[in-house]
Amino acid sequence: MELRFEWFVAWRHLYERHPRAGRIAHVFSAFAFTVAAIALALMLRTKPLGPVQIIAGHRDWRQIFHVVVVVALELAVLTLVFGWFRRRLSMFSTISAYGVFL
């Protein structure tokens, strides 16, 4: 009988969450997806450098935008998953589950 009560108490605390939990992570994720979309549009509109420009040492904006797209998408996905865990679990359980995700 005691074991059932202990499990009930443990599960209750594992699923305890705040009503607004995870909203900040979701907002940041949406912002990161927006930044990635803008950088992707800029990358596609930028002309690649020619051999003379590469030798002259011009800055390759296409490559810079590509790095921004990759980093922004990684941050967006990571924060989206963290926010998803946070909306469903307590902070303690979120950190444990997120560690398994990584």
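Helix 2, spanning residues 23–45, comprises 23 residues and extends 33 Å from its first C-alpha to its last, close to the 33 Å expected at 1.5 Å a residue. The model described here is predicted. Within helix 2, the buried positions are Ala25, Ser29, Ala32, Ala36, Ala39 and Met43. An α-helix has 3.6 residues a turn, so residues three or four places apart point the same way. The cover over the buried residues of helix 2 includes helix 4 (61–88).

The chain contains five helices and zero strands, giving the pattern α-α-α-α-α along the sequence. Of its 102 residues, 22% are buried. The accessible surface of the chain amounts to about 8100 Å², and carbon and sulfur atoms contribute 70% of this area. Where contacts join residues at least 6 apart in sequence, 65% of them link residues at least 24 apart.

Four aromatic pairs are present in the structure. One of them is formed by tryptophan 61 and phenylalanine 65, whose rings are tilted, with 5.9 Å centre to centre and 35° between the planes. Both residues belong to helix 4, where tryptophan 61 and phenylalanine 65 are four residues apart, about one turn of the helix. The two partners fall into separate accessibility classes: tryptophan 61 counts as partly exposed because its relative accessibility is 44%, whereas phenylalanine 65 has a relative accessible area of 17% and is therefore buried, the cut-off for burial being under 20%. Elsewhere, Phe82, Tyr98 and Phe101 are linked into a cluster by ring pairs.

Methods. Residues numbered from 1 in each chain as written. Predicted model: local features only at pLDDT ≥ 70, side-chain atom pairs only at ≥ 80, totals over all residues. Heavy atoms only, no water. Helix = DSSP H or I, 4+ residues; strand = E, 2+ residues; numbered from the N terminus. Expected span 1.5 Å × (residues − 1). Buried < 20%, exposed > 50% of the residue type's maximum accessible area, 1.4 Å probe, protein only. Contact = heavy atoms within 4.5 Å. Areas by Shrake-Rupley, 256 points an atom, 1.4 Å probe, with all protein chains shown as cover. Phe/Tyr/Trp six-rings, centres within 6.5 Å; stacked < 30°, edge-to-face > 60°.
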